[in-house]
Amino acid sequence: MKTSAVFSAALSLLSLVSPSSAKSTTPAASPSTPPQVWKNANLVHIISVEKNYVKENINVLVENISKQPQDEYFLPLTADEASRIGGIEVKDRKNAQAGPFGVEVVELDPKSNTQYVRIKLPAALKAGAQQTLGISYYLLKAYKPLPASIKQDEQQFLSHSFSAYCPSAYTTSKQKTEVKLPSANIPDYTKLPGSGDVKEFPVKQGTKLTYGPFDEKPAGAFEPAQVRFEFNKPVSHVTELERDIEVSHWGGNVAFEERYTLIHRGANLSDQFNRVKWAQSVYYAPNTHALREMKFPLRVGSADPYYTDVIGNVSTSRFRSNKREALLEIKPRYPLFGGWKYPFTIGWNSDAKNFLRQTVNGGYILNVPFLEGPRQPEGIEYEQVQVRVTLPEGAENVKYSTAVPSSSITSDDIEVQKTFLDTIGRTVLVIKARNLVDELRERELIVSYDYPLSASLRKPFIVFGSAMTLFVSTWVLGNLNLKFTSK
Amino acid sequence: MSADTLQVLASAGKGESTRTILRFIILSLIAGAAIASRLFSVIRKCPLSAGSQLLSWQSRPSRRGQLSGLLRLSAFWAALLTAASFQVSRALFTNVGSPSLSQSCARAERQSRMVADNPLVDPWFNFRATKYLVANGFYKFWDWFDDRTWHPLGRVTGGTLYPGLMVTSGAIYHALRALTIPVDIRNICVLLAPAFSGLTAFAAYLLTNEMTPSPSAGLLAAIFMGIAPGYISRSVAGSYDNEAIAIFLLVFTFFLWIRALKQGSMLWGVLCALFYGYMVASWGGYAFITCLLPLHAFVLICMGRYSTRLYVAYTTWYALGTLASMQIPFVGFLPVKTSEHMPALGIFGFLQLLAFLDYVRSAIPSRQFQTFLWLFAGGTFGLGLAALVVATSAGFIAPWSGRFYSLWDTGYAKIHIPIIASVSEHQPTAWPAFFFDLNMLIWLFPAGVYLCFQNLADEHVFIVVYALFGSYFAGVMVRLMLTLTPVVCVAAAISASSLLDTYLNVKSPNAEEHPADDNTDGKKSGKTGLKSTSKPVVGIYGWLSKGTVAGAMTVYLLLFVMHCTWVTSNAYSSPSVVLASRMPDGSQHIIDDYREAYQWLRQNTKEDAKIMSWWDYGYQIGGMADRPTLVDNNTWNNTHIATVGKAMSSREEVSYPIMRQHEVDYVLVVFGGLLGYSGDDINKFLWMVRIAEGIWPDEVKEREFFTPRGEYRVDGEATETMKNSLMYKMSYYNYNSLFPPGQAQDRVRQSRLPEVGPSLSTIEEAFTSENWIIRIYKVKDLDNFGRDHASAAAFDRGLKKKKAAKKRGPRQLRVD
Amino acid sequence: MRWLPAFVSALCATGTLAAKKSTEQRFNEFHTKSLASTPVKLLDANYRELTSTPRDYTAAILLTALDARFGCQLCREFQPEWDLLSKSWIKGDKAGESRLVLATLDFSDGREIFMSLGLQTAPVLFLFPPTTGPHAAASPEPIRYDFVNGPQSAEQIHAWLSRHLPDRPHPPVKRPINWIKWIFTTVMLSGTVTAAVVAWPYVLPIIQNRNVWAAISLISILLFTSGHMFNRIRGVPYVSGDGRGGISYFASGFQNQYGMETQIVAAMYGVLSFAAIALTIKVPRIADPKAQSVAVLAWGGALFLMYSFLLSIFRVKNAGYPFALPPFM
């Protein structure tokens with residue numbers, strides 16, 4: 001208690017002297033750690049574990065304590081987190097109009113375990129000025145089931161470990177950490193000595209735990225904390241999602257197909273699956289940690305859905321389609337328990353005019369959702385996502401822009417695919433992204449391309465021509481006289 | 001298509017070319033309809049349009065005024081047929097279809113439901129083999145050793161299957177790929193059978209045209225072939241089985257044979273031989289051709305109809321065909337070793353002899369010499385026969401193979417090869433089955449055969465022989481209804497067409513002058529001709545009689561169409577892996593337990609987990625669950641199957657070592673008790689027992705599964721052996737916990753089960769499908785404390801005391 | 001007179017001796033008996049003696065009921081096979097190395113035995129394993145052979161025996177050649193041949209007559225397609241009585257049939273196809289218009305009626321078959 005106070009005091013002293021030293025170092029900013037040019041005047045860290053992924057919000061009031069304007073703010077991560085983080089977005093809390101913040105994960109020092117999110121401010125902040133940043137991101141695969149294996153009708157508990165002090169590369173003078181939990185049933189969580197009038201952290205109100213407010217903490221201060229909470233819902237995790245969007249101008253149709261590799265990351269069954277218990281639980285204890293069904297709210301006007309897996313059509317599904325909604329409800333062939341896998345495929349068609357329109361200068365613009373996963377109360381997370389937009393044969397200068405955070409897009413390129421009597425093959429735009437969650441569904445993907453008339457007429461002509469050649473050749477062959485003796 | 005049809009009709013008079021064009025168009029329509037009728041289970045919109053096309057062009061009176069009788073007929077038939085196909089298909093569709101998604105024509109839906117819903121099990125293996133072929137190429141497929149079946153033996157699959165089917169679809173696949181059509185091999189496999197059914201209709205047309213001058217007979221035959229339930233049963237989309245292409249090959253080979261025989265041309269003989277080779281590569285039923293053609297030749301010879309045509313056709317066919325057939329590893333040297341091929345060889349030799357004698361006779365025209373020669377010929381034939389018998393008995397020539405032999409001595413299979421007897425397809429055919437599969441044709445068929453006697457040319461002899469042969473086999477085995485259907489269609493078409501030609505003839509004769517007709521050749525020979533055809537043909541006078549008969553025939557044909565619709569929708573479109581049932585409110589409910597369980601196995605067990613189940617499910621598990629199995633539907637190793645049967649029918653203590661030795665990880669049983677699904681393992685259990693008893697007569701005894709009063713029961717009265725058998729325990733384990741105590745009810749056996757259900761110690765329940773149809777058990781590993789499983793399980797159940805008492809013997813020994 | 005007591009005593013001695021003879025003696029005794037006549041016919045007494053322990057030999061005892069009173073068909077069918085087996089066994093094993101005694105106990109001789117064994121069915125074959133000696137089995141309990149599927153051939157029983165008598169000689173079953181059969185067949189064969197040769201000129205026209213062949217083939221086709229083979233294979237009854245004392249000509253159910261039924265069906269098919277033939281061939285050849293139209297109506301009517309009747313019968317067989325023609329709706 002006392003020692004820590006002393007320690008912190010010392011740190012504060014150090015931080016006081018730091019600017020002077022920083023002045024000398026800033027020109028040659030050592031790559032290993034970001035320069036100490038900021039101070040977090042006030043910071044509120046919200047960790048919400050309500051869904052089966054972690055959503056973190058860092059609202060921080062940053063102050064430029066260096067002498068010259070700065071436009072780069074760094075957020076430290078462990079390498080492990082860096083592989084699981086996704087959907088990083090930064091806003092200016094004060095004015096939403098503030099231009100786009102450049103966000104990317106950088107590795108200043110390959111040797112160290114720490115990596116950084118570099119946030120480029122739209123406008124450099126002059127010395128002493130302050131700005132309120134709202135940084136939000138998701139962490140996937142964040143939980144461990146504890147106990148790791150439970151009975152079929154037991155409650156599932158997950159544990160999540162984090163740092164009571166918000167990870168920061170800068171001195172933080174005032175901060176607090178809030179943990180939002182899905183239920184009030186929290187068997188155990190880390191307790192910390194309180195400060196001020198609160199004698200013990202965290203303060204627990206309802207489904208919320210609050211650590212802090214803490215007084216000034218130095219850069220990189222870390223206080224391990226852990227919380228174990230009841231999460232009696234499936235921890236559904238999509239290791240890979242392949243999403244194909246095929247545009248057909250002749251057919252006036254846009255065909256969607258999505259292939260999911262779904263796995264339940266929750267607690268395994270401690271003993272074998274028991275059908276009797278399950279049948280009873282369906283009636284008596286409907287809330288279970290097994291995944292029973294998924295709802296896909298599709299765009300209105302979607303038609304001809306299908307739901308199959310590797311051994312064929314799955315008959316347990318319902319599709320409700322009307323003016324207002326097109327809801328596809330599918331059940332896996334078997335209830336999905338912890339550690340069980342279920343890969344499946346769904347697909348549907350939609351009228352092209354819902355997504356495709358022609359610009360004044362003859363080009364086309366396709367506007368489709370980047371991601372249309374199921375909408376589940378407990379959420380769902382996607383580790384790898386691959387979107388393939390197949391444009392008609394001969395489509396050229398393809399450009400795209402998406403509202404999905406750019407830090408999640410790992411790669412994009414143009415391929416060529418030959419199908420259905422193609423001669424030069426179709427243009428395919430392949431976008432790979434990672435670490436997305438279902439909150440990002442409906443983020444739109446806009447693809448613009450040119451499609452000249454000649455390209456659209458190519459195939460009919462070729463088919464017609466080849467058919468004609470075939471007929472003519474058969475006719476000629478038929479008239480040949482192959483007999484040896486002409487009788 | 002309808003558009004250009006109309007063009008042709010409009011432009012055309014009654015030129016021969018027009019007729020051919022029209023005939024061709026109609027034929028293609030028939031083939032198309034035949035195909036479509038098998039596709040309805042998947043595609044819905046398309047056949048509707050096809051139907052409307054045909055009907056629309058048929059309902060053009062102005063056009064029809066100009067058409068010849070043939071055209072009128074064919075138009076009527078085509079329309080009728082399309083209606084037929086339409087109905088058949090609709091019926092098919094309404095029957096298979098998943099509640100929500102059936103609305104979609106989506107390709108994935110198509111492929112998936114189809115292969116899933118085939119009425120048989122073999123398609124799963126064929127599909128798997130085809131995938132292997134497409135993936136690894138032909139030569140690897142040729143020597144494919146499959147270690148995922150018959151664990152731990154494995155199976156030399158490449159050498160023990162008929163590759164024709166797989167190679168066909170593989171070739172189609174690569175051809176389409178070359179055209180950059182991205183078709184999934186699965187789709188090809190699903191749609192292969194319907195496509196070939198269209199070809200079969202075409203082949204039937206050709207074959208019939210060889211038989212009769214009447215041009216409409218061929219079309220009729222094509223129609224009958226197209227919608228006869230006996231053939232639809234094996235060619236609905238998704239029944240990806242050898243028969244799918246074999247029947248086409250059968251009919252086409254026969255056509256080529258007739259053509260070769262009539263023209264005595266070597267070219268057609270060669271073609272016949274090639275298609276025969278294809279047939280051999282495709283189906284074990286090729287032996288049917290191998291026996292039928294020699295028989296035909298023999299009958300012709302006995303009728304004194306030996307001719308150089310016969311000689312050329314037969315020798316060409318036999319020499320090349322046998323060589324071709326020996327290229328198939330599975331067949332190998334059978335054509336010269338086994339006795340089902342001996343007739344062909346014998347006739348071959350006999351023909352050589354006859355040719356020689358014929359030559360000599362032409363050289364030396366002396367009567368006694370001829371008679372001597374004939375005696376000589378007969379003698380040699382007899383000698384050859386005797387030699388054959390001796391060779392067979394001495395074992396130089398293998399006797400009839402079991403399946404084949406069971407066709408002759410029909411009691412044979414029951415005693416010697418219970419596996420064959422256990423297959424439902426190998427049961428004899430009761431008469432309702434005949435009427436069910438070919439309703440009106442069954443009585444048109446003899447009439448057609450009789451008409452063949454009218455002018456008994458060589459090809460007609462063939463039809464007669466085929467009819468006798470085929471109807472005998474069809475009577476012996478339900479399955480061989482398939483080989484009977486073509487000849488029934490042909491003969492029925494002949495009779496129906498001649499009937500209709502007679503009564504739809506526009507011009508009536510007037511009483512005084514009797515116009516001579518062309519088909520009175522029957523009457524020229526009073527002795528050999530038919531008695532009924534001695535008088536000249538006059539024709540039909542009154543319109544009334546014409547109208548009556550034509551009308552009646554129309555009614556019968558419409559009835560036939562409706563019958564086919566009904567049969568196809570009720571019998572042949574109900575898949576084996578997906579059971580459709582009606583909910584109380586009439587809505588359809590799909591029971592999909594098989595695929596549920598197989599998918600569970602596929603996803604949540606380790607890649608090489610060995611599954612033990614009865615052999616009926618081997619192919620399905622291999623195909624859908626993709627897991628190694630102990631036995632499967634290719635029942636090449638009786639002992640292995642008997643081992644499984646023993647494990648299923650013995651006590652746990654006996655079965656456990658067996659399962660350990662075979663590294664079994666999971667055991668799968670099918671249990672219909674909850675749903676009233678009668679095709680479950682308890683009902684098949686006796687076959688397992690019998691087959692096991694065949695190998696271990698001392699350890700497994702069928703009698704012990706019957707109550708003293710000789711009943712086969714599963715309730716409280718069941719024998720101890722029954723109650724302790726692994727199969728019984730696995731089927732009813734934990735079952736009565738579904739019911740209030742003492743109320744457990746088996747809905748298949750209609751019996752109440754004992755109060756306390758069986759308890760398992762060496763295996764544990766791993767998965768049970770939604771309706772309990774499939775139950776999967778995990779074989780426990782050895783106990784950690786080295787206890788035997790019984791006591792371990794007893795300990796877990798907290799029954800330690802009682803168990804201990806039982807183990808330590810009588811109570812008074814435990815005084816100390 | 002003085003012999004008598006001695007004789008009696010001797011008898012007694014032998015009797016007492018017989019009472020407790022060593023297993024060796026017993027085997028020799030039964031073996032000699034079986035050499036004389038095999039299988040040894042047992043009575044109660046020597047059944048017990050034979051099966052009494054300890055024994056160092058194997059006893060295969062067939063408990064059967066040959067007497068006509070019991071009407072045991074199976075017993076009578078199996079008996080010759082059993083005799084044949086035992087004969088050939090004993091012939092092959094005169095010295096008795098296999099230490100096997102084959103015996104028969106008829107119900108009329110050994111009623112009590114049957115009772116004590118609690119046998120309801122006959123025949124039953126018991127194999128009493130040796131309890132002492134080299135081949136001693138664990139339990140003296142006899143092994144039972146069940147005649148589950150029909151009468152067994154001597155070879156099957158032989159296989160069973162040899163399975164249970166390891167490492168001992170198994171004299172094979174030798175079936176005597178059935179000379180009578182051979183002679184009979186040869187005579188018949190030659191007879192038929194000569195008959196054929198003699199009758200050839202008369203038979204030839206019949207053979208060459210097309211109508212005959214047509215009739216033959218049509219009849220056989222009708223037989224086959226009306227499920228004759230099913231009757232042959234399954235051995236179905238010709239007709240069977242329904243519950244109420246009447247006769248039911250049609251078996252219920254799609255999958256089975258009676259003999260009579262198939263004949264009726266064949267007849268119907270015959271009528272139908274003959275009507276079709278008549279309409280096709282005969283009618284157009286009738287020169288007189290009136291007669292022709294009458295014939296058309298007659299045949300057409302017959303066809304129609306018969307078909308409708310056929311449909312109605314099929315509806316009986318297959319409940320829920322929706323189609324029908326008047327008048328048999």
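A salt bridge here is a side-chain nitrogen of Lys or Arg within 4 Å of a carboxyl oxygen of Asp or Glu. This is a predicted model, in which local features need pLDDT of at least 70 and side-chain atom pairs count only at pLDDT 80 or more, while totals for chains, interfaces and linings use all residues. Residues are numbered from 1 along each chain as its sequence is written, chains are lettered from A and ligands numbered from 1 in the order in which they are written, and side-chain values use heavy atoms, with hydrogens and water left out.

**Exercise 1. Find which residues are linked in a network of salt bridges in chain A.**

Step 1: Start from the idea that side chains of opposite charge can pair when their charged atoms come close.

Step 2: Look at A:Asp71, A:Glu72 and A:Glu104 together with A:Arg118 and A:Lys120; these five names make up the network.

Step 3: For scale, the structure holds 60 salt bridges over all chains.

**Exercise 2. Work out what A:Arg243 pairs with, and where the partners sit.**

Step 1: A:Arg243 forms a salt bridge with A:Glu372, with 3.1 Å between the closest N and O atoms.

Step 2: A:Arg243 is in strand 19 (residues 236–248) of chain A, and A:Glu372 is in the loop between strand 29 (364–369) and strand 30 (381–393), so to speak a link between distant parts of the chain, 129 residues apart. Strands (E, at least two residues) and helices (H or I, at least four) are DSSP runs, numbered from the N terminus.

Step 3: Both partners are buried. Buried means under 20% relative accessible area, exposed over 50%, and partly exposed in between (1.4 Å probe, protein chains only).

Step 4: Zoom out to chain A, which has four helices and 34 strands, and where 48% of the 487 residues count as buried.

**Exercise 3. Describe two salt bridges in chain B, one with B:Asp746 and one with B:Glu765.**

Step 1: B:Asp746 pairs with B:Arg749, the closest N and O atoms being 2.8 Å apart. B:Arg749 is buried at a relative accessible area of 17%, and B:Asp746 is buried at 0%.

Step 2: B:Glu765 meets B:Arg775 in a salt bridge of 3.0 Å, N to O. B:Glu765 lies in strand 7 (residues 763–768) of chain B and B:Arg775 in strand 8 (residues 774–779), so the pair ties together parts ten residues apart in sequence. Both of these residues, B:Glu765 and B:Arg775, are buried too.

**Exercise 4. Classify the ring pairs A:Tyr334 with A:Trp340 and B:Trp257 with B:Tyr314.**

Step 1: The whole structure gives 91 aromatic pairs over all chains.

Step 2: A:Tyr334 and A:Trp340 have ring centres 5.8 Å apart and planes at 70°, so the pair is edge-to-face. Both A:Tyr334 and A:Trp340 are buried.

Step 3: B:Trp257 and B:Tyr314 are edge-to-face as well, at 6.2 Å centre to centre and 80° between the planes. B:Trp257 is in helix 12 (residues 242–263) of chain B and B:Tyr314 in helix 15 (residues 308–325), so the pair ties together parts 57 residues apart in sequence.

**Exercise 5. Count the salt bridges between chain B and chain C.**

Step 1: The count is zero.

Definitions and conventions. Rings of Phe, Tyr and Trp (its six-membered ring) pair if their centres lie within 6.5 Å; planes under 30 degrees apart count as stacked, over 60 as edge-to-face and the rest as tilted.
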